[in-house]
Amino acid sequence: MDKNKLFDDYYKKSLLQGGTTCCPGCGGPLYWRMILETLGPNTILYGGGPCAGCASRNIKLPRFNLHFSFVADAPSGIVAALVAKGREDVTVVSSTGDGGTGDIGFGKISAAAERNENMIQMCVDNEAYMNTGIQKSGLTPYGAWTTTTPLGKEANKKEIPLIVAQHKVPYVATTSVAYPADLRAKVAKAKDIKGFRYLHTVMPCPTGWRFDPAKSVEVTKMMVDTWAWPLYEVDHGVLKLTVKPKQRPVEDYLKAQNRFRHLKDDQIQFLQKTIDDKRDMLLESDGKRIII
Amino acid sequence: MSFTRMMEGNEAAAYGAMLSRAEVVPAYPITPQTELISHIATLIAEGKMKAQYIKVEGEHTAMAASCGASAAGARVFTASSSQGLAFMDEALWMPPGLRLPIVMCFVNRSIAPLGTLRPDHNDSLQQRDKGWIQLYCENSQEVLDTVIMAYKIAEDKRIYLPVGVCYDGYFVSATASRTEVPDSAEVDDFLPPYKHEMYNLMPEDYVKATVPVGSIAERRYGMQEAQERAKGIIEAVDKEYEKRFGRGYDGFIEEYACESADAVLMTMGSMTGTARDVVDEMRADGKKIGLLKLRGFRPFPTEEMRELAKKYRAIGVVDRNTCFGSAGGGIVVQEVARALYSLEDRPLLLNFHVGLGGTDVTMRQIEYMAEKVLEAYEKGKVEKEVDWVELHDLGPVM
């Protein structure tokens, strides 16, 4: 079998053109391929992520983009234009990174959620401003090294999915590229719901997290398996844990990345306790309505 | 059917947007633009206007949503003022660069600190370098007519630039004047539905946003060329509008009572109304002063300005703005000076700062400025290049 032909045929069908400018081991292309296969071609895409347009500029779909600081805003206009044109069959997807979601576009996400804009808002979260060279964002986890937190971040990661859920939007979910079936199922579910849907995916970044690119999926899977990134959904106010892995100690996950290599034992214990508390809270709420 | 009644500038703008069949209106309230968007909300609620009003959480989002809607094929209207325009600054770069024909009302208001709710022109003039076309209006009727004309200008495929319809807060926005609202079918006939030839976001016939091609210099030169082309098109749209609706605005610069004038004052916006009265009175007294109303600021009417400068040998430019540390005077006079520099025989040029922070530009102040221009003409020289009129005690207002 001609290898080139294999690739050519694949990329002819795929909605993501090959040859992205992503770093080796980046979760971006993997993520977009899964998302796009599930969404299908009747989709308008706004925005980028992770890292500007490294992957998303290769997407073979109608695309519109302004600039990093424009989050969930231009797509609100696209949604309104579609209503004006009587075109409610088209899915509008708006994408941004962790800085766009947690920092500069936080108010915009909140406002679009409040307006219940008919779109899927995605946070492609690699836990820092990686495109500009690894600077801390509001979604960088406690303790992580970045170029602006050389001694490790002092503050916690914002709980954006639960904050968005409190806007009483129809659907919120956390996903991971290490759990593809879970990710696809959530995207498919979100596609069929009307209103503001929010998908938050943590994206492995070997460059910023400081690990061997070959271990990208392994590290990402460890993040879920330690419960550092639990996979759940809030469907019309009801929380459901969609993956309940047997818990590994967080130390395994931290030790796999050099961004955490300076952590002292008490800091690791603090992180373990934070994770355990959140796990208990989630298990307690599993299957229950958490939004009034 | 057309009808005529007393109408405030903001309501006139709302009628302009309705008659233009704006389909998406993303807007955030700010004084003195607020009545404009509440009029639009009411027109939509009453079923008179068919549009999606996106009640956004800030001006940055208002302009971003405008871009998205315009690229997706909807005719877009929005409006802002002052701090709102400053907050929107980053987003205001987008429509000209992406060649999106959005129409926005800049309801002028002074900017903080040392700001008030009342108007000067710094808020809209500070947007002058971004590629927006800017037209300044004097009263409600002109606002309504200009909004409709603005779409015809913006959506011309030879231009594809956003248009700002600027008018003074309160003096125009909240002052009722006689306004004729044209017949909706006639406006439809004048203004065909919006279709952007360079954009299509619909999945089945997606046209990859091909507008910006070439180097940044080439793309920016394309915008510059569009601004240049807009000069002829703005004049032509104005003439066509006048032929159809009976009202025209002399394109970029209106000459008022200028016959055999030696010297002229040049005004912008609502103060022009007061200046007309003062010039009438002074002419009745035999003084040869005229009035130029600058309506089109972007593109700047350089060629027209040069022609006028051959006729009027002393020009006093009235700047309702500040430009600290500039080469001399306000923003408008610097444009005029550049336009006239290459003339061999340049007229005398004076500059006045007045009406800052929305203080009333009084008849007495206009008379003072006119006298100074006449005096320069008679003496053949300018004694004071830049004069802050409000710092003088000019006695009684009238």
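Trainee: Where do I start with chain A? How many helices and strands does the secondary structure of chain A come to?

Mentor: Start with the inventory. Chain A has 11 helices and 8 strands. Remember that the model is predicted.

Trainee: What radius of gyration does chain A have, and what would a compact globule have?

Mentor: For 292 residues, a compact globule would have a radius of gyration near 19 Å. Chain A has 18 Å, which agrees. Its C-alpha trace spans about 60 × 55 × 35 Å along the principal axes.

Trainee: And what share of the residues in chain A is buried?

Mentor: Buried residues are 48% of the 292 in chain A. Look at contacts too. Take those in chain A between residues at least 6 apart in sequence: 67% of them join residues at least 24 apart.

Trainee: Which way do strand 3 and strand 4 of chain A run, parallel or antiparallel?

Mentor: They run parallel. Strand 3 (residues 91-97) and strand 4 (residues 120-125) of chain A are joined by 5 bridges. To find one, go to A:Ser94; its bridge partner in strand 4 of chain A is A:Gln121. As for side chains, in a regular strand they alternate between the two faces of the sheet.

Trainee: How many residues does each chain bring to the contact between A and B?

Mentor: Chain A brings 27 residues and chain B brings 26 residues. On the side of chain A, strand 1 (43-47), helix 3 (74-84) and helix 5 (106-114) each supply at least two residues. Helix 3 of chain A gives the most, with 10 residues. By class, this side of chain A has 17 nonpolar, 6 polar and 4 charged residues.

Trainee: On to chain B. How many helices and strands are there?

Mentor: Chain B has 14 helices and 15 strands. Its radius of gyration is 21 Å, close to the 21 Å that the globule rule gives for 398 residues, so chain B is as compact as a globular protein of that length. The C-alpha atoms fill a box of roughly 70 × 50 × 45 Å along the principal axes of chain B. Of the 398 residues in chain B, 53% are buried.

Trainee: How do I check a helix? What should helix 3 of chain B span?

Mentor: Begin with the general idea. An α-helix has 3.6 residues a turn, so residues three or four places apart point the same way. Now the case here. Helix 3 (residues 59-71) of chain B has 13 residues and, at 1.5 Å a residue, should span 18 Å. Its end C-alpha atoms are 18 Å apart, which agrees.

Trainee: How many residues of helix 3 of chain B are buried?

Mentor: 13 of the 13 are buried, so helix 3 of chain B is largely enclosed by the rest of the structure. Just after this helix, B:Gly73 takes a positive phi of about 100°.

Trainee: Let me try a loop residue. Where is B:Arg313 found?

Mentor: B:Arg313 is in the loop between helix 12 (302-311) and strand 13 (314-319) of chain B. B:Arg313 is partly exposed, with 18 other C-beta atoms within 10 Å; a buried residue needs 20 or more. Leaving out residues up to four places away in sequence, B:Arg313 touches B:Asp262, B:Ala263, B:Pro347, B:Leu348 and B:Tyr377.

Trainee: Which strand pairs with strand 13 of chain B through 6 bridges?

Mentor: Strand 14 of chain B, running parallel. B:Val318 has B:Phe352 as its bridge partner in strand 14 of chain B. The chain crosses from strand 13 through helix 13 (residues 331-341) to strand 14 of chain B, a right-handed β-α-β crossover.

Conventions: Residues numbered from 1 in each chain as written. Chains lettered and ligands numbered in written order. Predicted model: local features only at pLDDT ≥ 70, side-chain atom pairs only at ≥ 80, totals over all residues. Contact = placed C-beta atoms within 7 Å. Helix = DSSP H or I, 4+ residues; strand = E, 2+ residues; numbered from the N terminus. Nonpolar A, V, L, I, M, F, W, Y, C, P; charged D, E, K, R; others polar. Rg over C-alpha atoms; globule rule 2.2 N^0.38 Å. Buried ≥ 20, exposed ≤ 12 C-beta atoms within 10 Å, placed from the backbone. Pairing = 2+ DSSP bridges. Expected span 1.5 Å × (residues − 1). Right-handed = clockwise from strand over helix to strand, strands pointing away.
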